[in-house]
Amino acid sequence: MYRIDLHAHTRFFHGRRRVGDAYDPIGVRLLAGTARARGLDGVATTNHDYCRRFENEVAGVAVIPGIEVSTSRGHVLVVGPDPPAESKPGELTPSETVELAHDRGCAAIIAHPYRNSTVREVDADFDAIEVNGKHPRTREWVERLAADHDLPMTGGSDAHYPVEVGRAYTAVDVEEPTPENVVRAIRDGRVEPRVDDWLPYRLIGRLYRSIHRGKGQLDAPDWATPGVGAPPKNE
């Protein structure tokens with residue numbers, strides 16, 4: 001069983017692509033070093049709308065290629081051996097993103113399904129649904145959603161700062177954490193989300209909840225909630 005953070009970013013800012021491209025090699029080393037310190041075996045680099053390939057192993061930690069696609073209805077993680085190099089925000093539908101992922105031998109995962117997203121409402125052949133490290137208290141919602149759609153769950157920190165790595169991660173039942181093996185494990189349901197309840201992570205989570213709630217980006221289902229977000233207006 002390997003511990004892999006399936007949602008992490010090599011930079012802490014959006015835009016400024018040239019600056020980011022120069023920073024990414026530093027960012028991946030910081031991610032991998034923090035992952036190793038936190039006892040993880042691997043990390044997926046899922047930057048927004050572009051995939052930059054790194055070495056298969058950095059600082060003793062497996063690096064899984066990925067991209068976080070900004071679809072027309074929210075974010076979808078594409079992880080595996082051959083993610084697309086780039087995507088244009090809002091251009092692809094969730095269904096088109098799933099098809100693209102599968103054509104390239106990758107898994108398609110609904111990212112943070114209750115934050116600024118309606119991807120969860122789309123009838124597409126997703127491979128998994130994420131328990132997001134920025135909002136671990138939504139796990140109950142995700143569990144019900146996954147059960148309704150008969151899908152496995154993964155865990156990812158959604159880290160933009162290295163200190164956030166491992167806040168949520170995925171236990172993956174594979175003999176070796178290669179991208180191909182990870183994809184097969186996700187599709188076979190040999191994955192389990194884990195959330196680290198370390199005090200600093202809880203404090204960071206409260207901060208993110210406050211920020212995203214203030215932006216109106218948190219949606220709650222229409223049944224009893226664990227106290228995060230606001231009831232939807234038209235669900």
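Q: Why is H112 called buried?
A: The relative accessible area of H112 is 5% in this predicted model. The label buried needs a value under 20%, so H112 with its 5% counts as buried.

Q: Where is H112 found, and what is its phi?
A: H112 lies in the loop between β6 and β7. Its phi is near 25 degrees, which is a positive value in a residue other than glycine.

Q: What makes D158 a buried residue?
A: D158 has a relative accessible area of 1%. Since buried means under 20%, D158 is buried. D158 sits in the loop between β8 (153-156) and β9 (168-172), and D158 too has a positive phi without being glycine, near 60 degrees.

Q: How many aromatic pairs does a search of the whole structure find?
A: The search finds 1 aromatic pair.

Q: Why is the pair of Y114 and W141 called edge-to-face?
A: The ring centres of Y114 and W141 are 5.1 Å apart and the planes stand at 80 degrees. Ring centres within 6.5 Å make a pair, and planes over 60 degrees apart make it edge-to-face. Y114 and W141 meet both conditions, so the pair is edge-to-face.

Q: Which parts of the chain does this pair link?
A: The pair links distant parts of the chain. Y114 belongs to the loop between β6 (107-110) and β7 (128-132), while W141 belongs to helix α3 (residues 139-149), 27 residues apart.

Q: How do you know whether Y114 and W141 are buried or exposed?
A: Y114 has a relative accessible area of 7%, and W141 has 0%. The limit for buried is under 20%, so Y114 is buried, and W141 is buried as well.

Q: How many disulfides does the count come to?
A: The count comes to 0.

Q: What makes C51 and C106 count as buried or exposed?
A: The relative accessible area is 12% for C51 and 0% for C106. Buried means under 20%, so C51 is buried, and so is C106.

Q: Why does A8 count as buried?
A: A8 is at 0% relative accessibility. That is under the 20% limit, so A8 counts as buried.

Q: Where is A8, and which residues does A8 touch?
A: A8 is in strand β1. Leaving out residues up to four places away in sequence, A8 touches L31, V43, A44, T45, T46, N47, S157 and A159. The C-alpha atoms of A8 and G66 are separated by 9.2 Å, although these residues are 58 residues apart along the chain.

Q: What joins strand β2 to β1 and β4?
A: Strand β1 (residues 2-8) and β2 run parallel and are joined by 3 bridges. Between β2 and β4 there are 7 bridges, also in the parallel sense. At least two bridges are needed for strands to pair, so β1 and β2 pair with 3, and β2 and β4 pair with 7. In these pairings I4 stands opposite G42 in β2, and A44 has I64 in β4 as its bridge partner.

Q: What makes strand β2 mostly covered?
A: Of the 7 residues of β2 (residues 42-48), 6 are buried.

Q: Which residues have the most contacts inside the largest nonpolar core?
A: They are V78, F126, I129 and V142, in a core of 21 residues. The elements giving two or more residues to this core are β4 (61-71), β5 (74-79), α2 (94-103), β6, β7 and α3. Helix α3 gives the most, with 4 residues. A second, separate core has 17 residues, including I64, A111, A128 and I186.

Q: Which residues of helix α4 are buried?
A: In α4 (residues 179-188) they are P179, N181, V182, V183, A185 and I186. Just after α4, G189 has a positive phi of about 80 degrees.

Q: What is the pLDDT of the protein and of residues 223-235?
A: The average is 88, and 82% of the residues score at least 70. Over residues 223-235 the pLDDT is below 50, and this stretch has 27 contacts in the model beyond near neighbours in sequence. Where pLDDT is low, the predicted coordinates should not be read in detail.

Conventions:
Residues are numbered from 1 along each chain as its sequence is written. This is a predicted model: local features need pLDDT of at least 70, side-chain atom pairs count only at pLDDT 80 or more; totals for chains, interfaces and linings use all residues. Side-chain values use heavy atoms; hydrogens and water are left out. Rings of Phe, Tyr and Trp (its six-membered ring) pair if their centres lie within 6.5 Å; planes under 30 degrees apart count as stacked, over 60 as edge-to-face and the rest as tilted. Buried means under 20% relative accessible area, exposed over 50%, partly exposed in between (1.4 Å probe, protein chains only). A nonpolar core is a set of buried Ala, Val, Leu, Ile, Met, Phe, Trp, Tyr and Cys residues joined through side-chain atoms within 4.5 Å. A disulfide is a pair of cysteine sulfur atoms within 2.5 Å. pLDDT is the predictor's confidence in each residue, from 0 to 100. Contact means heavy atoms within 4.5 Å.
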